[in-house]
Amino acid sequence: MIDIENVSKTYRTPQGDVAALRDVSLHVRSGEIFGAIGRSGSGKTTLIRCINRLETIDQGRIRVGGEEITSMAEAELRRKRRKIGMIFQHFHLLRNDTVRQNVALPLRHSTLGRRERADKVHELLDVVGLGDRASAYPSQLSGGQRQRVAIARALANDPEILLCDEATSALDPETTVSILALLRDVNRSLGLTILLITHEMSVVKDICDRVAVLHAGEVAEVGTTADVFARPRHEATQQFSRSLFDDDGATAALETPLVEGIAASGGFVARLLFVGEEANAATISRLSRSYGVDLSVVYGTVRVLHGVLVGCLYVAFDGPPDRLAAAADDLRARGVGLDVVAGTHPRRAVA
Ligand code: ADP
Ligand code: MG
């Protein structure tokens with residue numbers, strides 16, 4: 001539905017050039033919720049603005065619904081933009097217009113008659129749960145309600161995609177959950193493709209089918225949400241992954257005498273990331289038995305990433321170096337991510 005191929009974009013400023021996107025390629029499939037996560041300045045907003053050609057690109061090609069945006073003439077582009085819905089962090093509603101008028105705004109070019117338009121607006125407000133607030137002004141609504149109005153407005157012309165730029169970043173956690181649930185509902189009921197851009201893990205972890213991590217204008221990683229954060233390869237992804245699993249408890253657990261003792265006696269403590277069924281302490285005790293080493297879980301967290309269980313366990317490895325290395329290799333061979341966080345990882349003795 002969205003094909004981004006080798007796109008580069010540099011802003012020319014008096015202070016110098018800023019390479020906002022560097023050779024970005026991404027493919028968003030029809031009907032999916034695709035997340036792009038990155039820290040501030042990683043190029044997220046630029047990416048979205050290039051997709052509806054609010055910014056021109058220096059290199060590459062962007063197609064939406066099979067149509068090339070890059071080379072489109074102005075009139076055609078205006079028609080196309082109506083099929084690209086967009087919502088923003090600060091809602092961008094017209095403050096002097098009622099909810100009804102805000103939602104009706106994109107219909108001003110529509111071929112629908114007066115009556116049909118009114119019906120359409122009503123229908124859209126029902127979809128977002130604001131059927132009874134049509135005559136209110138934005139200032140009379142909460143942040144979550146304002147974003148609902150913006151969603152209704154974005155859906156007015158039956159778009160093929162919905163672009164969301166930090167759409168929940170101005171909302172509290174509970175309201176965020178309700179807006180994300182609404183986005184998932186419209187994704188399912190309308191088959192709407194959604195590209196969601198954010199700097200927050202909490203936004204991508206539940207609703208995104210797939211996710212890309214942006215870092216300094218580049219795509220660091222792409223994959224299913226569980227895979228990307230359970231097997232983070234790029235440093236930027238590792239940071240997001242840690243933010244998901246690590247809390248005060250993890251920090252405290254690593255400062256205990258047990259952990260310090262293990263490190264001093266030649267063992268080590270590793271942070272393990274498991275996907276699916278294996279994400280539990282039973283896996284660790286099995287491994288402990290089969291290699292004749294002492295493995296103990298120091299701390300653990302389990303999260304559900306888009307319906308997939310992902311576990312993070314801090315495990316102390318104690319025993320003969322050779323066997324510890326073999327146990328660690330076994331885990332790695334099974335696709336378990338393993339990072340030594342205290343002590344040193346023993347090399348297996350060369351036979
Ligand atoms: P994000 O949305 O991930 O925070 P942006 O796409 O807004 O990132 O910005 C990416 C980079 O491009 C940043 O370094 C930012 O300072 C720069 N940038 C964004 N917009 C402009 C602009 N209009 N002119 C110059 N530099 C810009
Ligand atoms: Mg931005």
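Visitor: Leaving aside its neighbours within four places in sequence, which residues is Val 259 in contact with?
Guide: Please keep in mind that this is a predicted model. Beyond its close sequence neighbours, Val 259 is in contact with Ala 253, Leu 254, Val 269, Val 298 and Ala 342.

Visitor: And where does Val 259 lie?
Guide: Val 259 belongs to helix 11, which covers residues 257-264.

Visitor: Why does Val 259 count as buried?
Guide: Val 259 counts as buried because its relative accessibility is 2%, and the limit for that label is under 20%.

Visitor: How far is Val 259 from Val 315 in space?
Guide: The two C-alpha atoms are 9.4 Å apart, while Val 259 and Val 315 are separated by 56 residues in sequence.

Visitor: What about Ala 264, buried or exposed?
Guide: Ala 264, also a residue of helix 11, is exposed, with a relative accessible area of 71%. From C-alpha to C-alpha, Ala 264 is 7.1 Å from Gly 343, although 79 residues separate them in sequence.

Visitor: Let me step back. How many helices and strands are there in the protein?
Guide: The protein has 13 helices and 14 strands. The C-alpha trace spans about 80 × 45 × 35 Å along its principal axes.

Visitor: What share of the residues counts as buried?
Guide: Of the 351 residues, 47% count as buried. The protein exposes about 16,500 Å², and carbon and sulfur atoms supply 48% of that area.

Visitor: What part of the contacts with a separation of 6 or more comes from residues 24 or more positions apart?
Guide: Such pairs account for 66% of those contacts.

Visitor: Now the ligand. Which residues are around ligand 1?
Guide: The shell consists of Tyr 11, Thr 13, Val 18, Ala 20, Arg 39, Ser 40, Gly 41, Ser 42, Gly 43, Lys 44, Thr 45 and Thr 46. By class, three of these residues are nonpolar, seven are polar and two are charged.

Visitor: Which element gives the most to that shell?
Guide: Helix 1 gives the most, with three residues. Strand 1 (2-13), strand 2 (16-28) and helix 1 each supply at least two.

Visitor: Which side chains have a polar atom beside an oxygen of ligand 1?
Guide: Lys 44 has a polar side-chain atom 2.8 Å from an oxygen atom of the ligand. For Thr 45, an N or O atom of the side chain is 2.9 Å from a ligand oxygen. For Thr 46, the corresponding distance is 2.5 Å. Taken alone, ligand 1 exposes 560 Å², of which the protein buries 61%.

Visitor: Helix 1 again: how many of its residues are buried?
Guide: Helix 1, residues 44-51, is mostly covered, with six of its eight residues buried. These are Lys 44, Thr 46, Leu 47, Ile 48, Cys 50 and Ile 51. Just after the helix, Arg 53 takes a positive phi of about 60°.

Visitor: What does Glu 166 touch, not counting residues up to four places away in sequence?
Guide: Glu 166 touches Lys 44, Phe 88, Gln 89, Ile 197, Thr 198 and His 199. With His 199, the side chain of Glu 166 forms a polar contact of 3.0 Å. Glu 166 lies in the loop between strand 7 and helix 6 (173-190), and is buried, with a relative accessible area of 10%.

Visitor: How does strand 7 pair with strand 6?
Guide: Strand 6 and strand 7 (residues 161-165) pair in the parallel sense over four bridges. Within this pairing, Gly 85 stands opposite Leu 162.

Visitor: Which way do the residues of strand 6 point?
Guide: Ile 84 and Met 86 point one way, Gly 85 and Ile 87 point the other way, and all are buried. In a regular strand, side chains alternate between the two faces of the sheet.

Definitions and conventions:
Residues are numbered from 1 along each chain as its sequence is written. Chains are lettered from A and ligands numbered from 1 in the order in which they are written. This is a predicted model: local features need pLDDT of at least 70, side-chain atom pairs count only at pLDDT 80 or more; totals for chains, interfaces and linings use all residues. Side-chain values use heavy atoms; hydrogens and water are left out. Buried means under 20% relative accessible area, exposed over 50%, partly exposed in between (1.4 Å probe, protein chains only). A residue is near a molecule or strand if one of its heavy atoms lies within 4 Å of it. A polar contact is a pair of N or O atoms within 3.5 Å; within protein, one must be able to donate a hydrogen and the other to accept it, and residues adjacent in sequence count only if both atoms are side-chain atoms. Accessible areas come from the Shrake-Rupley method with a 1.4 Å probe; for residues, only the protein chains shown count as cover. Ala, Val, Leu, Ile, Met, Phe, Trp, Tyr, Cys and Pro count as nonpolar, Asp, Glu, Lys and Arg as charged, and the others, Gly among them, as polar. Two strands pair if DSSP finds at least two bridges between them. Contact means heavy atoms within 4.5 Å.
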